[in-house]
Amino acid sequence: MLQAIKYSKGKLEILDQLQLPFIEIFIPIRSTEDGWHAIKDMKVRGAPAIAIVAMLALASELTSALEGSMIPRSAEEMCQYISTKLAYLVTSRPTAVNLSDAARKLETLVLNRAKIAESRGSDVAHTFIQAAEAMLGDDLKDNQRIGHNGAEWIAKYAVKPGHSQVAVLTHCNTGSLATSGYGTALGVVRSLAANNTLQHAYCTETRPYNQGSRLTAFELVHDGIPATLITDSMAAALLASAEAGVGAIIVGADRVAANGDTANKIGTYALAVLAKHHGVKFLVAAPRTTIDLATKSGREIVIEQRPASEVTSIKGPRSDAESIDGASIESVQIAAPGISVWNPAFDITPSALIDGIVTEVGVVEKGAEGQYHLDGLFDAPSV
Ligand code: MRU
């Protein structure tokens, strides 16, 4: 299985996604600062992966500090040290809730550890490291459950009578590269393929950053899943095509508000509108760590604005095939110089357009009155 995050005993490495699909190179993340920059610069991206790398970056830093005995001695000072680092990590990207959710949970954990009598700074550090390390395995298990639950739902509700297979469309990258492994929406595609329910997978290019053509296409080719790439503007024609036979669109999420409104990669909202028009099922797949009950609706979600250069230029391998200072990828300007640009990284899909939210504990649908009730998801035990 593809793996974008490698971690062992305080040593963290990530696959540099800026170099994909041309070069597969792992880079070390030794400190909180390294982690912050890797997230900000999109060397790692995708809501669950961002959270995991951020926490493991701090875990790696703490491991080195423990080895060199360079850590705060008292439990209280260690908590303060960890809180400051977490607050900094959370500033790297604003929209995906998984990062702030992980920071909040691990901060609570270390504060509780510090309350135990005679706790030392090193005990608090070990508690943080263990919790960060557990995130890798927990996320993988959650994704496999999401894949199973989503594939089951699609087999039941999106496969046409008399057929055993269905074609699906996905957007952005939600696979092994965006998580600790397997993926969320792409995990559902993987499960459909494994169950022999997948007729064909279509993936959008996902302009402007091309997570679809660079990353999802890379994963689909890697796994040998029958797949076809389309540009974002071809989605309506694809859904109208009886030959393509798309029965479901499945996307990931960066934050799901309490009412089901979903922030995800720019272009998701357009796909949901198209799905409604064509009577195609529209599913969001995400772990419960992406559901933010404190955010009542999509209107409260902060949407990250990205640099204009992502729209005005496109990246590819250097034409001279030389790597200069590790820069094997070059940018080519494709827009008229001087044009102004709007580049929101995400959009909000209203819950009314979403047929189901697939999580590791099941698929939630709207109630009879047309509203999502997501709080019940948190009553279910972890899997
Ligand atoms: O800007 P990105 O590449 O971090 O955006 C990623 C997405 O929008 C994904 O669809 C989302 O994070 C879900 S990843 C399992």
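Guide: A word on the ground rules first. Residues are numbered from 1 along each chain as its sequence is written. This is a predicted model, in which local features need pLDDT of at least 70 and side-chain atom pairs count only at pLDDT 80 or more, while totals for chains, interfaces and linings use all residues.

Visitor: Which residues does Phe346 contact, leaving aside its neighbours within four places in sequence?

Guide: Contact is a matter of C-beta atoms, placed from the backbone, lying within 7 Å. Among the contacts of Phe346 are Thr95, Asp254, Ile266 and Glu304.

Visitor: What makes E14 an edge strand?

Guide: Two strands pair if DSSP finds at least two bridges between them. E14 belongs to an open sheet of four strands in the order E11-E8-E9-E14, with mixed pairing. The edge strands are E11 (291–292) and E14, as each pairs on one side only. Elsewhere in this sheet, strand E8 (residues 255–257) and E11 pair in the parallel sense over two bridges, and Ala257 stands opposite Asp292 in E11.

Visitor: How do you know that the buried residues of H9 are on the same side?

Guide: Helix H9 (residues 268–278) has Thr268, Leu271, Ala272, Leu274 and Ala275 as its buried residues. What covers them includes helix H8 (235–240), strand E7 (246–251), strand E9 (262–265), strand E10 (281–285) and E14.

Visitor: Why is E10 described as largely enclosed?

Guide: Four of its five residues are buried, so E10 is largely enclosed by the rest of the structure. E10 runs parallel to E7, joined by four bridges, and also pairs in the parallel sense with strand E15 (residues 356–359) over three bridges. Leu283 of E10 is the bridge partner of Ile250 and stands opposite Gly356 in E15.

Visitor: How are helices H2 and H5 packed?

Guide: H2 (residues 47–67) and H5 (residues 121–157) pack at about 145°, with their axes 9 Å apart. Axes are lines fitted to C-alpha atoms, for helices over the stretch in contact, and angles run from 0 to 180 degrees between N-to-C directions. The contact residues include Ile52, Leu56 and Leu62 of H2 and Phe128, Ile129 and Leu136 of H5.

Visitor: What does H2 lie across?

Guide: H2 lies across E1, E2 and E3, running at about 150° to E2. These strands form an open sheet in the order E1-E2-E3, with antiparallel pairing. E1 (5–8) and E3 (26–29) stand at the edges with a single partner strand each, so one side of each is left without a neighbour in the sheet. Strand E2 (residues 11–15) pairs with E3 over four bridges.

How values were computed: Two residues are in contact if their C-beta atoms, placed from the backbone, lie within 7 Å. A residue is buried if 20 or more other C-beta atoms lie within 10 Å of its own, exposed if 12 or fewer, and partly exposed in between; C-beta atoms are placed from the backbone.
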